[in-house]
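Subject: Handover of a structure for your study

Dear colleague,

Please find below the structure that I am handing over to you. I would ask you to keep it open while you read the notes that come after it.

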Amino acid sequence: MPLLRRTHWRVGAALAGAAALAAGVLSVAAPASAQDAPASAAAAPKADATRTPYKAAYNVKLSTDAAGVSWTGTQSITFSNASTDPLTEVYLRLWDNWRGGCNASQPIKITNFTGGTLAPLTVNCTAGKVTLPKALAKDESATVSFSLSIVAPNISDRFGRNGAYNYFGNALPVLAVKDGAGWHLDPYADTGESFYALASDYTVVLDHPTAMKTPATGIRSEVGNGPGRTLTTTVGKQVREFAWADGPYQKSSTTANGGVAVNTYWTSDLSASTGAQMQSVSVSALNDYGSKYGQFPYGEMDVVIDGTLPFGGMEYPGVVFDVPSQNAAAHEIGHQWFYGIVGNDEYRAPWLDESFTTYITDRHFGDEGSGCSINWSTSAEKMTNTMAYWDSRGGPYSAVIYDGGSCTLHDLRRTLGGTAMDKLMADYAKSHWYGVSTTADFKAAAQAATTVNLTSFWTSHRVEG
Ligand SMILES: [Zn+2]
């Protein structure tokens, strides 16, 4: 087990307590990856590597009671086939079933499925194959719809309950990605993230008690819905997923550069001055990253501060969950660019989001990584190891991917020079805006930014692929 369970920001955030460690017992199914791709795809003589399905539009309507623990309603997903290969099936990921598994406590349940045939769930009930009624040619579209029930488990986590506050990270079923490696059906990684999604549009309507705040992905509008009830509609364009929280938060709103609405929500154990401090840090980070890596495009940023989360923070598009820490807030907001705007397969290349976010957070706070080093503990460790490696080992994940990974980028900056490195990072973000990057993509971009042959640099920093 990791010493620091899933801190999505670096070291000092070591709040993960023994209770969380004890509760965080891994229940990981046998890895299901490209090898589990349908035989037809694996056997295709020249499968199109284009990531598909794409242009997904999620429409969700959910309602909850006064407790905010359970949400029920409907969801539909319209998508298109990006590939020249016919699309005969898609896979849904019900990520949060990793905790409940396939028994009565399964927290995410789908019923009344239409638009295809949903097979029994696999990968610890986190994946469901949907056979489409007819194969989709390139750019043909289809829609699946279903009834949805979500129950937050009684544990404090990115999906779970924490006193009067409930967190719904990764709770909505999402489309898996198929690319040259086949369907990506990796297991949930509790040490970090397994998530891999293409930019999509979400419209989510939440029907909830008016006394309950609902920080969420997207730009919100709220209308009354009868006595004591509110309908909150949030629209997120080109986001990778959708998350929300609910509870009796305090709230303060302001505006960042470019007219971005910044809403800060904090739990009742925290003071208004803490909320104000975290809001100030968040706005500063948004403005700084926006000036360096491209203006924050999502219009609204919700920052949720909870005094007793068992992890440092967790990032979602347009909404973050944090403990009251400046570093946590700046880190999770940094993920809006690296993971969010510039996507990656978080299971196969976690360094592309965590190392990059730690690096830009360092830079934001004026830390240039002087004298930094990478504390490799074994020769098997690589900067580019997958979550399959880290999730089975835990501790080194933070030391290598956060600290060592940011050091790698600080070292690269020293190799390229500051001006070239800053341009590289800005250009890299721009060229993968709303897209997906890979280690090979970044290495190529870095090499193109300098006359120095970087081969030995990548070798010494164990950046492979
Ligand atoms: Zn992170």
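The notes below set out what was found, topic by topic.

**Confidence and overall division**

Please bear in mind that this is a predicted model. The mean pLDDT of the chain is 91, and 90% of the residues reach 70 or more. Two stretches call for caution. Residues 1–7 stay under 50 in pLDDT, and the model gives them 26 contacts beyond four places in sequence. The pLDDT is also below 50 over residues 9–44, a stretch with 68 contacts beyond near neighbours in sequence.

The chain is divided into domain 1 (32–247) and domain 2 (360–460). Their centres, taken over C-alpha atoms, are separated by 30 Å. Where the two domains touch, 9 residues of domain 1 are in contact with 7 residues of domain 2.

**The nonpolar core**

As general background, nonpolar side chains tend to be buried together in soluble globular proteins. In this model, the largest nonpolar core has 115 residues. Among the residues with the most contacts inside this core are Tyr 91, Phe 168, Leu 286 and Ala 329. At least three residues of the core come from each of domain 1 and domain 2.

Apart from neighbours within four places in sequence, Phe 168 is in contact with Ile 150, Ala 152, Phe 159, Ala 243, Trp 244 and Ala 245.

An open sheet is formed by 5 strands in the order β17-β18-β19-β21-β20, with mixed pairing. The edges are taken by β17 (250–256) and β20 (313–316); each has a single partner strand, so one side of each is left without a neighbour in the sheet. On average, neighbouring strands of this sheet are turned by 15° against each other, direction ignored. Helix α4 (272–293) packs on the sheet and touches β17, β18 and β19 (300–305). The direction of α4 makes about 150° with that of β18.

The pair at one end of the order can be followed residue by residue. β17 and β18 (260–266) pair in the antiparallel sense over 7 bridges. Ser 252 has Thr 264 in β18 as its bridge partner, and Lys 251 stands opposite Tyr 265 in β18. The two strands, β17 and β18, form a hairpin with 3 residues between them. Gly 258, in the turn, has a positive phi of about 80°.

**The four-stranded sheet**

A further open sheet has 4 strands in the order β5-β6-β3-β10, and its pairing is antiparallel. Here β5 (117–118) and β10 stand at the edges with a single partner strand each, so one side of each lacks a neighbour in the sheet. Strand β3 (87–93) runs antiparallel to β10, and 2 bridges join them. Leu 92 has Leu 175 in β10 as its bridge partner.

**An enclosed helix**

How many of the 9 residues of helix α5 (326–334) are buried? The number is 8, so the helix is largely enclosed by the rest of the structure. The buried residues of α5 include Asn 327, His 331 and Glu 332, as well as Ala 328, Ala 329 and Ala 330. Among the elements that cover them are α4, β19, β20, β21 (319–322) and α6 (351–364).

**Backbone details to examine**

In general, most residues other than glycine have a negative phi, and most peptide bonds are trans.

- A cis peptide bond joins Thr 52 and Pro 53, with omega about -5°. Pro 53 lies in the loop between α2 (39–43) and β1 (54–64).
- Asn 112, which is not a glycine, has a positive phi of about 50°. Asn 112 is found in strand β4 (108–114).
- Asn 170, also a residue other than glycine, has a positive phi near 60°. Asn 170 is found in the loop between β9 (165–168) and β10 (174–175).

Are Asn 112 and Asn 170 buried or exposed? Asn 112 counts as exposed because it has 9 C-beta neighbours inside 10 Å, and 12 or fewer is the limit for that term. Asn 170 has 26 other C-beta atoms within 10 Å and is buried, the limit there being 20 or more.

Yours sincerely,

A colleague

Notes:
Residues are numbered from 1 along each chain as its sequence is written. A nonpolar core is a set of buried Ala, Val, Leu, Ile, Met, Phe, Trp, Tyr and Cys residues joined through C-beta atoms within 7 Å. Domain bounds come from an automatic or database domain assignment. pLDDT is the predictor's confidence in each residue, from 0 to 100. Two strands pair if DSSP finds at least two bridges between them. Axes are lines fitted to C-alpha atoms, for helices over the stretch in contact, and angles run from 0 to 180 degrees between N-to-C directions.
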